[in-house]
Amino acid sequence: EVCRAAALRFLPLYEASAGRYGHVCAQVDPRALTDTETMLAQARRLHALAPNLMIKMPATREGIAGLRALSAEGIATTATLCFSVAQMVAVAEAAREGYREARAAGRSLQGARCCTALMLGRMEDVPRFREEAAEVGVSLSDADLRWAGVAVSRRAYALYMARGYEARILCASMRLGPTVDGKTRIWHLEQLAGGEMVFTIFPNIMASFLALYRNREIAPRIVEPVPDEVLERLLRVPYFRQAYEEDGVAPEGFVDLPGVQATAGAFTDAMETVETYTRTIYQGRR
């Protein structure tokens with residue numbers, strides 16, 4: 001009901017822009033992230049509520065298979081739970097195959113799009129990152145953690161541009177930091193500026209950006225290399241290598257990535273909270 005109501009509010013913008021603007025994301029049940037058919041049934045039910053509903057599918061092997069099918073039907077998608085370049089490439093390839101199938105069948109792709117949501121802060125915050133770093137004798141600073149997210153973003157972006165993918169990278173779960181020369185920076189915005197990308201920005205990040213960058217110019221940096229000494233240090237950590245290298249993890253292993261497991265668990269808890277609340281309200285009105 002929330003998705004339907006929100007989509008209808010944005011529908012005039014969607015129609016006036018011929019599907020360019022006005023999408024509302026609706027996520028399938030996170031408890032079904034390895035069940036393609038269940039996710040597809042939910043996705044089609046959600047999309048039937050309004051043409052501008054953009055379906056969020058998990059970047060598991062099964063979720064990406066569903067995303068390909070939805071792309072072939074001309075349905076806009078966002079791949080969530082992305083924590084590695086390997087996932088991001090798999091999503092872009094799936095969308096490309098789906099769109100190719102749609103065009104061959106003569107289906108309209110107006111309003112269709114695909115975003116790959118890299119969960120920057122969540123990827124950097126996973127305890128396993130620091131644990132594995134400690135195991136190999138690497139001490140990660142706050143700057144190192146932010147460089148990790150930037151490095152994965154830039155690596156994926158370079159591949160997307162070189163291969164001409166129609167999908168777009170979406171940088172999400174941004175964090176403040178690091179502190180440089182006594183001043184707070186927002187490297188998730190500053191170091192990724194200038195790309196053909198999408199950003200989802202928390203209110204606190206936007207407020208901090210307006211305050212901290214009022215008199216500071218932001219130059220395009222998306223194609224700049226990560227400092228060699230930083231990248232060399234990060235690549236010593238298995239967790240980072242798995243996220244950074246294109247073949248760092250196979251599709252069947254996407255679901256087992258530490259970030260996927262931790263975040264899917266949080267999504268599941270949130271889903272169950274919503275269900276409990278809704279059930280309580282419903283029973284109270286009977």
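## Terms and model

Helices (H or I, at least four residues) and strands (E, at least two) are DSSP runs, numbered from the N terminus. Ser173, for one, lies in the loop between β5 and β6. The model is predicted.

## Helices α3 and α4

Two packed helices are described by the angle between their axes and the distance between the axes. Take helix α3 (residues 61-72) and helix α4 (residues 85-104). Their axes lie 7 Å apart, at an angle of about 30°. Angles under 35 degrees count as roughly parallel, so α3 and α4 are roughly parallel to each other. The crossing of α3 and α4 is right-handed.

From α3, the contact uses Ile64, Leu67, Arg68, Ser71 and Ala72. From α4 come Gln87, Ala90, Val91, Ala94, Ala95, Glu97, Gly98, Tyr99, Glu101 and Ala102. By type, the residues in this contact of α3 with α4 are nine nonpolar, three polar and three charged.

## Helices α4 and α7

α4 also packs with helix α7 (residues 142-163). These axes cross at roughly 25° and come within 9 Å. α4 and α7 are therefore roughly parallel to each other. α4 and α7 make a right-handed crossing.

On the α4 side stand Val85, Met88, Val89, Ala92 and Arg96. They meet Val152, Arg155, Ala156, Leu159, Tyr160 and Arg163 of α7. The contact of α4 with α7 has eight nonpolar residues, three charged and no polar.

## Gln191, a buried loop residue

Gln191 sits in the loop between α8 (187-190) and β8 (198-199). Its relative accessibility is 7%, so Gln191 counts as buried. The cut-off for buried is under 20%.

The side chain of Gln191 makes a polar contact of 2.8 Å with the side chain of Arg154. Beyond its neighbours within four places in sequence, Gln191 touches Trp147, Val150, Arg154, Arg221 and Ile222.

## Backbone exceptions

Most residues other than glycine have a negative phi, and most peptide bonds are trans. Leu81 has a positive phi, near 60°. This leucine belongs to strand β3 (residues 77-82). Leu81 is buried, because its relative accessibility is 3%.

Ser173 is not a glycine either, yet its phi is positive, about 55°. With a relative accessible area of 6%, Ser173 is buried. The loop between β5 (168-172) and β6 (179-180) also holds Pro178. The peptide bond from Gly177 to Pro178 is cis, with omega near 0°.

Conventions: Residues numbered from 1 in each chain as written. Predicted model: local features only at pLDDT ≥ 70, side-chain atom pairs only at ≥ 80, totals over all residues. Heavy atoms only, no water. Axes fitted to C-alpha atoms, helices over the stretch in contact; angles between N-to-C directions. Parallel < 35°, antiparallel > 145°, perpendicular 65-115°, else oblique. Left-handed = near helix turned anticlockwise from the far one by under 90°. Contact = heavy atoms within 4.5 Å. Nonpolar A, V, L, I, M, F, W, Y, C, P; charged D, E, K, R; others polar. Buried < 20%, exposed > 50% of the residue type's maximum accessible area, 1.4 Å probe, protein only. Polar contact = N/O pair within 3.5 Å; in protein donor to acceptor, adjacent residues only side chain to side chain.
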